[in-house]
Amino acid sequence: MTRIKIAYILSAALVLFVLYFGSGYVFFPATQTGGFGLPVMPSEGDPILAVKGVRDIGTALVVLALILFRNARALGWAMLAMAFIPFGDMLIVLTHNGSVGAALGIHGATCALMLGISALFLIRPKRNER
């Protein structure tokens, strides 16, 4: 299996995962708030949870569109740029007395996965010199 196929498979898995928990923030916020890693989360009726869910769903749909159009370079650059989102989430959790385990294990790991996927798409193998 080529690195590009692996990158597409990982991207599709990431899309499904982000759609799952993003939808949870929109439709079932009470079940999602504990997993973010902050010591205090908004209550179930707080619209900020839906805002987070919509952000996550929108991010996943951008990645899905790039997967469907099979543009590996664009997907690699988009994944690299969007890795800022889980990185920012990680920093927010760390700087607001949140769970270090959640910050690194959820948000940091997601950021690392996205950086790895972008590298699979963007790093070109060296061509043999003649």
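The model is predicted; local features need pLDDT of at least 70, side-chain atom pairs count only at pLDDT 80 or more, and totals for chains, interfaces and linings use all residues. Residues are numbered from 1 along each chain as its sequence is written, and side-chain values use heavy atoms, with hydrogens and water left out.

The protein chain has 6 helices and 0 strands. Helices (H or I, at least four residues) and strands (E, at least two) are DSSP runs, numbered from the N terminus. The order of elements from the N terminus is α-α-α-α-α-α. Along the principal axes, the C-alpha atoms fill a box of roughly 65 × 30 × 20 Å.

The unreviewed UniProt entry carries the annotation "transmembrane region" for residues 7-28, 48-68, 75-94 and 100-123. UniProt positions follow the numbering used here, feature names are shortened, and annotations may be inferred rather than shown by experiment. Residues 75-94 are 95% helix and 0% strand, with end C-alpha atoms 29 Å apart. Residues 100-123 are 96% helix and 0% strand. The end C-alpha atoms of that span lie 31 Å apart.

Helix packing was examined next. Axes are lines fitted to C-alpha atoms, for helices over the stretch in contact, and angles run from 0 to 180 degrees between N-to-C directions. H1 and H3 pack at about 155°, with axes 8 Å apart. H1 and H3 are therefore roughly antiparallel. Angles under 35 degrees count as roughly parallel, over 145 as roughly antiparallel, 65 to 115 as roughly perpendicular and the rest as oblique. H1 passes H3 in a left-handed crossing. A crossing is left-handed if the near helix is turned anticlockwise from the far one by less than a right angle, and right-handed if clockwise.

The axes of H3 and H4 come within 9 Å and cross at roughly 165°. That angle makes H3 roughly antiparallel to H4. The crossing of H3 past H4 is left-handed. Helix H4 (residues 72-82) also packs with H6, at an angle of about 155° and with axes 8 Å apart. H4 is thus roughly antiparallel to H6. H4 passes H6 in a left-handed crossing.

Pockets were located on a 1 Å grid over the protein atoms alone. A cavity is a set of points where a 1.4 Å probe fits but cannot get out; a pocket is an open set with protein on both sides within 12 Å along at least five of seven lines. Lining residues have an atom within 4 Å of a point. Grid points are joined across faces, edges and corners, and a volume is the space filled by probe spheres set on the points.

The largest pocket has a volume of about 390 Å³. Of its 23 lining residues, Phe 17, Phe 21, Lys 52, Asp 56 and Thr 110 are the closest to its centre. Helices H1 (3-27), H3 (47-68), H5 (84-95) and H6 (100-122) each give two or more residues to this lining. The lining of the largest pocket comprises 14 nonpolar, 5 polar and 4 charged residues.

The second largest pocket holds about 220 Å³ of space. Its lining includes Tyr 25, Phe 36, Lys 52, Arg 55 and Asp 89. H3 and H5 each supply at least two lining residues. H3 gives the most, with 5 residues.

Note on methods:
Ala, Val, Leu, Ile, Met, Phe, Trp, Tyr, Cys and Pro count as nonpolar, Asp, Glu, Lys and Arg as charged, and the others, Gly among them, as polar.
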